[in-house]
Amino acid sequence: MIVKETRIKTGSGHKALATHVLRGKKNEAILVREGSEYWLKDWVKEAKREGLTYGLRHIAFNPEQTMTDTELSEFADRLCEELGADKVSRTLILHQKDGKRHGHLILPEWQHDHVLSSRFSYMRLEKIARLEEIRLGHPLIAGRHDAAIATALHREGKHSEAQLVEALISEDASLPRAAYTSQARRITERQALELPALKKAITALWQQSGEKLPAFRLLLQEQGLVMREGDRSTTRPGAHIIETADGTLIGSFTRLTKTRMKDFHALLMQEALPAEEPRLVRPVSARARRLSPLSARPPRVLPAEAMIMPLRRRPSYRPTVTSLTQTQNLNPGFAHYLTDWKNEVARCEHIIRQNPLSLYGPVPTRDQVFQNILQEIRPLRIKLKKTKETLDLAHQEREAAYASLLGGITGRRHKADEAFEKALLILAEILRYLIETLLYLFGLREKPPRPLTLPVPTARERSLENYYDQKRQHVSALLNKERTLALLRTLYQKSMAQRKEEQKNAEIAYRPTLEAAQNRLRHLRQLPGLHKDLDEVTRKAFFHAQYTGQLEQALMILQADHSKTAEPQNEFFKQEKETETRQKPAPNPQTTPRPSATPSPF
């Protein structure tokens, strides 16, 4: 049984999948066992509401032998149990092609309160398929994850099933893979091409050619097909594709012919070699004449006084080329010079790669900032709400005490004033801490807020009524969510403006160092070839500085030589100016340390 899983993105919607599984034209019969197209549409809406990347999970399973509708439904139940999906919320559709039925199981990614499991889903689905084949007595089909499936079955205590799966593991290191994807098959179907039939024809042509590329190319041309190098030469060098004469892609050569890339590269190298020239064979008569004793030449006889002197050959000297990376084989001074040169180039490249704006971190979105800050100030808002209720009760008690005729005599007014003043000062302290916390989280305040000091000491010189009227507006603004969000928007805009200003200042301060490093690196890379235009004396001094390992002296020699010329060379040896002052990063509400909501004992 072959099981394939596909995750449908939320942005793609449900229409393409619904058209394929509910209105496929090549199906002899379509049986909707569970679900409907409206369910798919609703699941995609739920995924959009939850902000998920994937909305639907499509699992297609095709048995090797005939299975009944009940057996296919039970197999879908086992798939749901393995993935932890709700069996009630699923769509199961059965298709019939060529007298055989296969199933399509569609599950929502959002399972009421969690996302559907996708951890090692390919291996897990293959494991369920192998167990189903063993249970029904069907022939087992080898897969890519048989070794992992056998290990998992041993771990679950199913040793007999694990042994049957282990027998499928091939000794060959190459894993089985599909010749084409389902997406490629759908594309060719829309172009009126049968991809399975073309795959079989290409496999037959490859076997007919004797696995020789030249013969295979000729056979493809006879069938109206073309084999060429793929367009993604940078990511997959050497990969070839097969397409029709009008440019319709069929698939990769290695996938269609089941050939390893290593073997295919060897075939390409063999095809690129020139053909061997035919050897010239002398006729038998000519060879017999050359070997005949009558036609052989008499040996040359030297005179008696001739002296045979051995030939003296001078040994040929071949200069050896030493790699600059193997500094142990070079002159010590020149090796030291090369080391200094490499270090200087690396230092300049490091300065160029640095980005001063990385200290500020990623720019947070407004919704993220608001969500984090509302979560941070939630305990303070709850405490503020309780204190506000206590203050309202104290205010009502105070008004009732002053309205009473005996309030002044019994001391009720005095107690009400004290309770009202105490509640008001506590409310003011919490309000002060909450506002300072917001300013600190937005980076508009350098120091964290002073901890809460409760209970707050009373101050009789304050006018309680005026103080209550002044703070009532701020309390109502912070207790109302809409007005709180308006305040947060204002603070967010101020913090973003301050962040942009500090980033701009940091970039301006860093620009001289960056330009100096770029200028020095450009001329350091040109340094090895600048000695060609020097005179003899300067060149010898330059080489002496190189072999003695003095990089700065070599630079000074070149600077002195360039100063003699008529053209100005002021930009060649431009000194670097590094800024010592480090810019303070702009406040980031996500990375700013959160102040403690509890009062400090110190």
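Thr437 is found in helix H17 (residues 412-441), where helices (H or I, at least four residues) and strands (E, at least two) are DSSP runs, numbered from the N terminus. At 2% relative accessibility, Thr437 counts as buried; buried means under 20% relative accessible area, exposed means over 50%, and partly exposed lies in between (1.4 Å probe, protein chains only). The C-alpha atom of Thr437 is separated by 9.4 Å from that of Glu376, although these two residues are 61 residues apart along the chain.

The structure is a predicted model, in which local features need pLDDT of at least 70 and side-chain atom pairs count only at pLDDT 80 or more, while totals for chains, interfaces and linings use all residues. Residues are numbered from 1 along each chain as its sequence is written, and side-chain values use heavy atoms, with hydrogens and water left out.

Taken as a whole, the protein has 21 helices and eight strands. Of its 602 residues, 35% are buried. Contact here means heavy atoms within 4.5 Å. Among the contacts with a separation of 6 or more, 68% are between residues 24 or more positions apart.

Buried residues of H4 include Ser121, Arg124, Leu125, Ile128 and Ala129. The buried residues of H4 pack against strand S1 (2-9), strand S3 (54-62), helix H3 (69-83), H5 and helix H6 (159-166). Just after H4, Gly137 takes a positive phi of about 80°.

Two packed helices are described by the angle between their axes and the distance between the axes. Axes are lines fitted to C-alpha atoms, for helices over the stretch in contact, and angles run from 0 to 180 degrees between N-to-C directions. On the H4 side the contact is made by Met123, Glu126, Lys127, Arg130 and Leu131, and on the H5 side by Asp146, Ala148, Ile149, Ala152 and Leu153. These residues divide into six nonpolar, no polar and four charged. In this grouping, Ala, Val, Leu, Ile, Met, Phe, Trp, Tyr, Cys and Pro count as nonpolar, Asp, Glu, Lys and Arg as charged, and the others, Gly among them, as polar.

Thr538, Phe542, Ala545 and Gln546 are buried in H20. Seen down the axis, these buried residues fall within an arc of 105°, so they line one face of the helix; the arc is that of the directions from the helix axis to the C-beta atoms. The face turned away from this buried side carries the exposed residues Val537, Lys540 and His544. Helix H13 (332-353) and helix H21 (551-564) are what the buried residues of H20 pack against. Just after H20, Gly549 has a positive phi of about 75°.

H13 and H20 pack with their axes 6 Å apart, at an angle of about 85°. That makes H13 roughly perpendicular to H20. Gly333, Phe334 and Tyr337 of H13 make the contact with Phe542, Ala545, Gln546 and Tyr547 of H20. By class, this contact has five nonpolar, two polar and no charged residues.

H21 has 14 residues and reaches 21 Å from its first C-alpha to its last, close to the 20 Å expected. Its buried residues are Leu551, Ala554, Leu555, Ile557, Leu558, Asp561 and His562. They cover an arc of only 155° around the axis, which puts them on the same side of H21. Met556, Ser563 and Lys564 are exposed on the face turned away from the buried side. The buried residues of H21 pack against H13, helix H19 (481-526) and H20.

Key
Angles under 35 degrees count as roughly parallel, over 145 as roughly antiparallel, 65 to 115 as roughly perpendicular and the rest as oblique. The expected span of a helix is 1.5 Å times one less than its number of residues.
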